[in-house]
Amino acid sequence: RQAEIVRHVMAGNNAFVLMPTGGGKSLCYQIPALARPGMGLVVSPLIALMADQVAALRQAGVRAAALNSDLPGEERRALWRDIRGGTLDLLYVAPETLLRPDVVDRLATAPLSLIAIDEAHCLSQWGHDFRPSYRQLDALVARFPDTPRMALTATADTPTRAEILTHLNIAGSDAFIAGFDRPNIRYAIQEKDNPRAQLKRFLKDHEGESGIVYCLSKRRTEETAAWLCGEGYDALAYHGGMDKAAREANQARFQHGEAIIMVATIAFGMGIDKPDVRFVAHIDLPGSIEAYYQETGRAGRDGLPADALMLYGMEDIALRTRFIEESEAPDQRKRMERQKLDSLLGLAETAGCRRQALLSYFGDQCEPCGNCDTCAEPPRLFDGTIAAQKVLSCIYRTGERFGQAYIVDVLVGAEDERIASFGHDRLSTYGIGKEHDKRTWRAILRQLIALRLVDVDLGGHGGLSIAEAGRDFLRDKAALMLRVPPAPRAARGKLQRRQASSALPEGDRALFQALREKRMEIARLQNVPPYVIFHDRTLIELAAARPASRGEMAAVAGVGEAKLTRYGPAFLAVIAEHGKGLRA
Ligand code: ZN
């Protein structure tokens with residue numbers, strides 16, 4: 001797919017590229033930018049992201065630079081000299097900087113090989129990453145009509161794609177949709193039962209690896225980070241309430257370090273380009289499927305195995321619903337947000353393959369994947385018609401104003417002062433649900449919400465009421481299949497522990513570790529992230545192939561000419577040393 005896109009743009013055409021994270025999107029504009037005459041202009045949303053891309057390109061011997069508002073005067077002048085002198089291959093720039101009149105005018109005097117707009121979904125007014133300055137990028141179309149332009153994104157549903165094409169005047173025939181699947185990410189979604197214990201179990205499989213834990217609130221972010229530190233993890237917090245310097249320091253530590261857990265709100269994210277993020281855990285419900293896809297997509301960019309875990313419960317549903325109801329947005333927008341929440345609940349409650357459900361949201365498809373929790377352990381289905389009738393009837397008889405916990409208590413006939421004080425212990429529905437435990441009733445209720453038979457929170461307090469479809473269901477007495485929740489501990493039973501380095505036989509892991517240490521040493525000296533030197537994938541291959549010469553090392557993926565010259569001797573020495581140790 002990359003070759004097809006590269007050829008298309010080399011020939012001077014525009015392109016819209018939708019390719020999953022880790023699919024090698026950047027290469028699609030980097031190669032034509034180098035091969036065509038002139039300098040490639042890359043619009044990128046974040047300064048930190050640009051800095052890493054530029055560092056990685058320079059390691060590979062490409063003349064790249066970033067122009068942004070943080071650049072000191074002298075460096076800025078030197079950069080413009082390089083641009084005028086035609087000695088730059090690629091220039092990264094933030095949209096706000098690019099759109100300044102003086103910058104556009106000066107760029108118009110230099111020949112441009114192409115204009116690439118990365119993270120193009122940011123121009124969508126309906127999207128969750130909308131950035132007003134991206135909207136103004138259509139000015140470039142008018143200013144550079146003959147320069148090939150590319151819009152690239154890893155996340156865009158059908159309406160967003162159409163919006164990008166129209167706005168940047170790119171023809172539908174120039175669109176390349178490479179699909180959404182991230183096969184190396186394993187998805188799991190569990191009921192939020194005891195989030196800290198669940199998170200701890202999950203992290204046990206990821207000792208020594210880096211990952212992200214997403215929380216909804218600033219407070220939960222800080223509390224969780226502090227708790228993880230107390231548990232012996234190297235955890236950092238990141239949220240919008242922190243001052244800029246502290247946020248940037250934590251981001252840099254995460255980006256440059258190994259075995260660090262970032263506990264963050266959604267403020268942390270766009271443009272995180274760390275390839276070796278091994279897991280993403282949501283301990284609160286994400287905002288939508290798009291947000292979930294994008295946030296989990298930050299794991300496993302290097303193609304090695306990665307894990308995504310989402311925990312969610314009734315409180316999350318009530319909270320999200322309240323956010324939507326209480327927002328100032330127009331009704332049309334609220335309806336759309338409500339639909340997005342329903343789709344997300346559908347994914348969380350599906351009895352089928354998670355990946356299929358996720359991809360179908362984006363109009364993409366796959367076979368049952370074998371790499372998600374429902375594939376590993378398919379939920380049992382049962383005829384839930386009677387159970388659903390009991391729940392609806394209980395909601396109705398208690399006046400359609402109580403929350404999940406109360407309804408479940410009435411169903412199982414719990415002895416409770418509140419129930420007694422309302423006289424609900426005398427209802428016909430009191431104690432009619434003794435055949436299931438509370439956990440199962442909660443799961444049934446969530447499924448009825450996901451199916452829109454039950455509405456949540458009309459008054460803003462998490463109260464449940466019977467939706468229109470719920471009334472139809474009671475009247476028509478349709479059959480309804482529901483899933484039985486797996487036992488809480490069994491959820492990971494059949495899923496094997498999978499670390500990235502587990503591809504290596506036991507005997508090669510010590511060498512892998514030694515190569516990682518050498519990489520860290522070099523990275524520290526240059527103040528760049530370790531993966532900029534070599535990806536884990538390359539180190540794994542080096543540990544397995546054990547090249548003894550530069551020639552042999554050149555055959556390993558990820559070792560180009562520039563890196564071979566700079567780092568070949570150091571890594572070959574580690575491998576030789578290791579071999580000696582083994583023989584001795
Ligand atoms: Zn699956």
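Colleague: Why does Arg546 count as partly exposed?

Modeller: This is a predicted model, and in it Arg546 has a relative accessibility of 26%. Buried means under 20% and exposed means over 50%, with partly exposed in between, so at 26% Arg546 counts as partly exposed. Arg546 is found in the loop between α25 (536-545) and α26 (550-554).

Colleague: What is the phi of Arg546?

Modeller: The phi of Arg546 is near 45 degrees, which is a positive value in a residue other than glycine. Most residues other than glycine have a negative phi. Asn169, which is not a glycine either, has a positive phi of about 55 degrees.

Colleague: Where does Asn169 lie, and what makes Asn169 exposed?

Modeller: Asn169 lies in the loop between α9 (158-167) and β7 (175-177). Its relative accessible area is 52%, and since exposed means over 50%, Asn169 is exposed.

Colleague: Which residues are the protein donors of the zinc ion, and how do you know that they are donors?

Modeller: The donors are the SG atoms of Cys353, Cys369, Cys372 and Cys375, which lie 2.3 to 2.4 Å from the zinc ion. In sequence, the donor residues are spaced C-x15-C-x2-C-x2-C.

Colleague: What makes the arrangement around the zinc ion tetrahedral?

Modeller: The four donor atoms subtend angles of 101 to 119 degrees around the zinc ion. Four donors count as tetrahedral if all angles lie between 85 and 135 degrees, so this arrangement is called tetrahedral.

Colleague: Why are Cys369 and Cys375 called partly exposed?

Modeller: Cys369 has a relative accessible area of 25%, and Cys375 has a relative accessibility of 22%.

Colleague: Which residues does Arg380 touch, not counting residues up to four places away in sequence?

Modeller: Arg380 touches Leu482, Arg483 and Val484. The C-alpha atoms of Arg380 and Val484 are separated by 5.5 Å, although these two residues are 104 residues apart along the chain.

Colleague: Why is Gln59 called buried?

Modeller: Gln59 has a relative accessible area of 4%, and buried means under 20%, so Gln59 is buried. Gln59 is found in helix α3 (residues 47-59). Leaving aside its neighbours within four places in sequence, Gln59 is in contact with several residues, including Gln526, Val528, Ala562 and Tyr567.

Colleague: What makes the pair Lys438 and Asp409 a salt bridge?

Modeller: The side chains of Lys438 and Asp409 meet at 2.9 Å, N to O. A salt bridge needs a side-chain nitrogen of Lys or Arg within 4 Å of a carboxyl oxygen of Asp or Glu, so this pair is a salt bridge. Lys438 lies in helix α21 (residues 438-450) and Asp409 in helix α19 (residues 404-412), so the pair ties together parts that are 29 residues apart in sequence. At 39% relative accessibility Lys438 counts as partly exposed, whereas Asp409, at 16%, counts as buried.

Colleague: How do you know that Glu223 and Arg219 are separated by about one helical turn?

Modeller: Glu223 and Arg219 are four residues apart in helix α11 (residues 218-230), which means that about one helical turn separates them. The two residues form a salt bridge, with the closest N and O atoms 3.2 Å apart. Glu223 is partly exposed, with a relative accessible area of 38%, while Arg219 counts as exposed at 62%.

Colleague: How many salt bridges does the structure hold, and which residues are linked in a network of salt bridges?

Modeller: The structure holds 41 salt bridges. Glu191, Glu349, Arg439, Arg442 and Arg446 are linked in a network of salt bridges.

Note on methods:
Residues are numbered from 1 along each chain as its sequence is written. This is a predicted model: local features need pLDDT of at least 70, side-chain atom pairs count only at pLDDT 80 or more; totals for chains, interfaces and linings use all residues. Side-chain values use heavy atoms; hydrogens and water are left out. Donors are N, O and S atoms within 2.8 Å of the metal (3.2 Å for Na, K and Ca); water is not among the atoms, so sites may look incomplete. Four donors count as tetrahedral if all angles lie between 85 and 135 degrees; four count as square planar and six as octahedral if opposite donors are over 155 degrees apart and all others between 65 and 115; anything else is irregular. Buried means under 20% relative accessible area, exposed over 50%, partly exposed in between (1.4 Å probe, protein chains only). Contact means heavy atoms within 4.5 Å. Helices (H or I, at least four residues) and strands (E, at least two) are DSSP runs, numbered from the N terminus.
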